[in-house]
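Subject: The two-chain model, and what turned up in it

Hi,

Here is the structure I promised you. Have a look at it first, then read on for what I found.

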Amino acid sequence: MRDRVAAVVGVAVVVALIVIFPLIVTDPAATSIGVFTLVFMVSASAWNIFSGYSGYLALGHAVFFGSGGYAVALAARDWHVTGGWAVFGLLPFGGLVAGLIAIPVGLVALRTRRHTFVVVTIAIFFIFQLAATNLGFTGGTSGILLPIAPFSAANFNQPFYYVAFGILIATVLVSIGVRRSRFGLQLLAIRDDEDRALGLGVKTRRLKLSAFVISAVPIGMVGGLYFYFVGQIFPQFAFDPLFDLSIALMAFLGGLGTITGPLLGAAVLESLQQYLTQTFSSSATYLIAYGVLFLAVILVLPRGVIPGIAELLERRRARSASGPGPAAERESQVAGVAGAAR
Amino acid sequence: MSFTELLQAIVDGILTGGVYALMAAGLTLIFGVMDLINIAQGAMVILGAYLSYVLSVHLGIGLLPGLIITIPVMFALGVAVEFCFMRRLRDRDRTQMSILVTYAVAIVIEGVLTAIFGVDFRQLQASYVNSSVHMLGFYLPDIYLIGFGLAVILLAVLYYGLYRTKFGRAVRASLQNRTAADLIGIDVNRVRTISVGIGVAVTAVGGMVFGATNSFNPNTGYDLISRLLAIVILGGMGSIGGAMAAAVFLLVINDVVAVAWSPTWAPLVYFAALVLVLSIRPQGLFGKSAARAQ
């Protein structure tokens, strides 16, 4: 009971902090980092609904990010939507397009498993990138301009920030809903042993496809938001292999298959990444810093930050519970058991 | 498109396919022995190209003699990466974790190369880079012939090493069953380290030929790795023969489409062919269906 109260208070404090952040910090550089961070929190969380729960490592979700972005950009251009709140109304359309695209992509990619699946998602990603570059209606390499948002310069970032936060709340609620449902349990069963799950009557194919489509929709929506914020969309930016790997890394860093893990991973990594890009003007320094940090985290906490820290706390609790005398011995036992369990 | 153009495209595809086969063979060897996917293979090819570039431009050592230096350097890099990072991955999820670890290595390589050389495109130069031989009505660029020749020789050496030597037997044993190999006295860790070293060493040659036939910058590795992965998966992971066949198959398709339709759409057909084949045969052309069982 005390844990539950603590959790509710904790969530309330974090939500309140996110809500008041742009009201306290008015520096546009900081609030734009906030927008980018929220976009990636949505993306990592949505990606986790499919890849984290089912164990299928998809490295092609930039397809949905880019498709959502292009859907919103094209809709705004062809339906003559003027800048302002109306463009935010197109975001569900971006999500819908991403979800529709996810159906054939999922049908093809989910015929394969494990590393073959990873590579097929990468290949499909490149097909989309090439198509966006070469097809006529996407504007080719020069891309499409989105309507200019008419918000005042001082508070320009705030609408984007709060809309992204709204999408984030919806995504997290979906993630929690999936995780707690029978559907989520069946996805976890697929992750642990797909053939056995199939043998026990789990309709694996239908489930995997549903999760794949569900994970695509929020990414399509924030894709639209992202490119409206940036003001322009072109292929290299919309279909960026770094996006695929970044969201996977964020989820891994925080803890794959957990609800809070991808959120924490994205919050830490994306804000750090944006901060490093703003601090180091040279992309080389930024790349090296990012790569080294990434390596260090994987090697020190290979199971992700949240499970890793939970494990450390568990050990500490075991040590303090066992009294001062045989503590060291007890600890080594626990460590041994933890090691064996790996 | 005339018939001669078609034949020329097929010949070009076979010659470039040989070089891709060599780079992909390194990747598939690492996968076969370690169960690891080396995403950094593309970045390492580009690193190899830059090494050749430094040797030829700043030290006046030609591209071919330079290989005597670049091959051991890349071998050492492979050994270092295996020792520092790959070895630490735990058995469960190691394939997936390896993608992240080696991707981080690729980012670091890209960052270091950007810091030293900037993002300008470069190309390797030598007397044989722009000349060509006119044979049987085809124009065969010398560098393609040299690259193809080197690839064939090295693949032959690799094949001989794997199937006719004691070390090769140890590699294949570790590939089939780690525990059993351990039990009969094979130092599996050593075998793995050396295999990764060899798998990375071939990128020195691949990088030299790639750098002479394409312009490159530190970012080029990503395009390359996606192609190499496509080849390796299509051939069946862990199968060197499969990688060779798939490399030639995909590059012939690529070059024929480039001539027959348009060079901009050629890579799309390349990836579409991959997706199509894998939808029918998820284990690749020559792979065993082990990928499904696990």
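Let's start with one residue: in which helix of chain A is the place of Val118(A)? Val118(A) lies in helix 6 of chain A, which covers residues 114-134. Before going further, keep in mind that this is a predicted model.

Is Val118(A) buried or exposed? Val118(A) counts as buried, because it has 25 C-beta neighbours inside 10 Å and the cut-off for being buried is 20 or more. Leaving aside residues up to four places away in sequence, Val118(A) touches Leu57(A), Leu59(A) and Ile99(B). One of those partners, Ile99(B), carries the letter of chain B. Also try the pair Val118(A) and Ala58(A): they are 60 residues apart along the chain, yet 5.6 Å separates their C-alpha atoms.

**Chain A as a whole**

Now zoom out. Chain A has 16 helices and two strands. Its radius of gyration is 21 Å, which agrees with the value near 20 Å that a compact globule of 342 residues would have. Along the principal axes, the C-alpha trace of chain A spans about 75 × 50 × 45 Å. Of the 342 residues in chain A, 48% are buried. If you take the contacts in chain A between residues at least 6 apart in sequence, 78% of them join residues at least 24 apart.

There is one helix pair in chain A to look at. Helix 13 (residues 260-279) of chain A packs with helix 14 (residues 283-300) of chain A at an angle of about 150°, and their axes are 9 Å apart. That angle is why helix 13 of chain A is roughly antiparallel to helix 14 of chain A; the cut-off for that label is over 145 degrees. The crossing of helix 13 of chain A and helix 14 of chain A is right-handed. Gln273(A), Leu276(A) and Thr277(A) from helix 13 of chain A meet Tyr286(A), Ala289(A) and Tyr290(A) from helix 14 of chain A. By class, the contact of helix 13 of chain A with helix 14 of chain A has four nonpolar, two polar and no charged residues.

**Chain B as a whole**

Over to the partner. Chain B contains 12 helices and two strands, and from the N terminus on its elements run α-α-α-α-β-β-α-α-α-α-α-α-α-α. Its radius of gyration is 19 Å, close to the 19 Å from the globule rule for 294 residues, so chain B is as compact as a globular protein of that length. The C-alpha atoms of chain B fill a box of roughly 60 × 50 × 35 Å along the principal axes. Buried residues account for 53% of the 294 residues in chain B.

With helix 4 of chain B, helix 2 of chain B packs at an angle of about 25°, the axes being 9 Å apart. Helix 2 and helix 4 of chain B are therefore roughly parallel to each other, and their crossing is left-handed. On the helix 2 side of chain B, the contact includes Gly42(B), Ala43(B) and Met44(B), and on the helix 4 side of chain B, it includes Ala106(B) and Ile109(B). This contact has nine nonpolar, one polar and one charged residues.

The other partner is helix 3 (residues 63-84) of chain B, whose axis comes within 9 Å of the axis of helix 2 of chain B and crosses at roughly 135°. Helix 2 and helix 3 of chain B are therefore oblique to each other, with a right-handed crossing. Among the residues making this contact are Met44(B), Gly48(B) and Leu51(B) of helix 2 of chain B, and Leu63(B) and Gly66(B) of helix 3 of chain B. The classes here are eight nonpolar, five polar and no charged.

**Where the chains meet**

How many residues of chain B are in contact with chain A? There are 38 of them, in contact with 37 residues of chain A. Helix 4 (94-117), helix 9 (221-235), helix 11 (266-280) and helix 12 (290-293) of chain B each supply at least two residues of the side that touches chain A. The largest share, 15 residues, comes from helix 4 of chain B. By class, this side of chain B has 27 nonpolar, seven polar and four charged residues.

Definitions and conventions. Residues are numbered from 1 along each chain as its sequence is written. Chains are lettered from A and ligands numbered from 1 in the order in which they are written. This is a predicted model: local features need pLDDT of at least 70, side-chain atom pairs count only at pLDDT 80 or more; totals for chains, interfaces and linings use all residues. Two residues are in contact if their C-beta atoms, placed from the backbone, lie within 7 Å. Helices (H or I, at least four residues) and strands (E, at least two) are DSSP runs, numbered from the N terminus. Ala, Val, Leu, Ile, Met, Phe, Trp, Tyr, Cys and Pro count as nonpolar, Asp, Glu, Lys and Arg as charged, and the others, Gly among them, as polar. Axes are lines fitted to C-alpha atoms, for helices over the stretch in contact, and angles run from 0 to 180 degrees between N-to-C directions. Angles under 35 degrees count as roughly parallel, over 145 as roughly antiparallel, 65 to 115 as roughly perpendicular and the rest as oblique. A crossing is left-handed if the near helix is turned anticlockwise from the far one by less than a right angle, and right-handed if clockwise. The radius of gyration is taken over C-alpha atoms; the globule rule is 2.2 Å times the number of residues to the power 0.38. A residue is buried if 20 or more other C-beta atoms lie within 10 Å of its own, exposed if 12 or fewer, and partly exposed in between; C-beta atoms are placed from the backbone.
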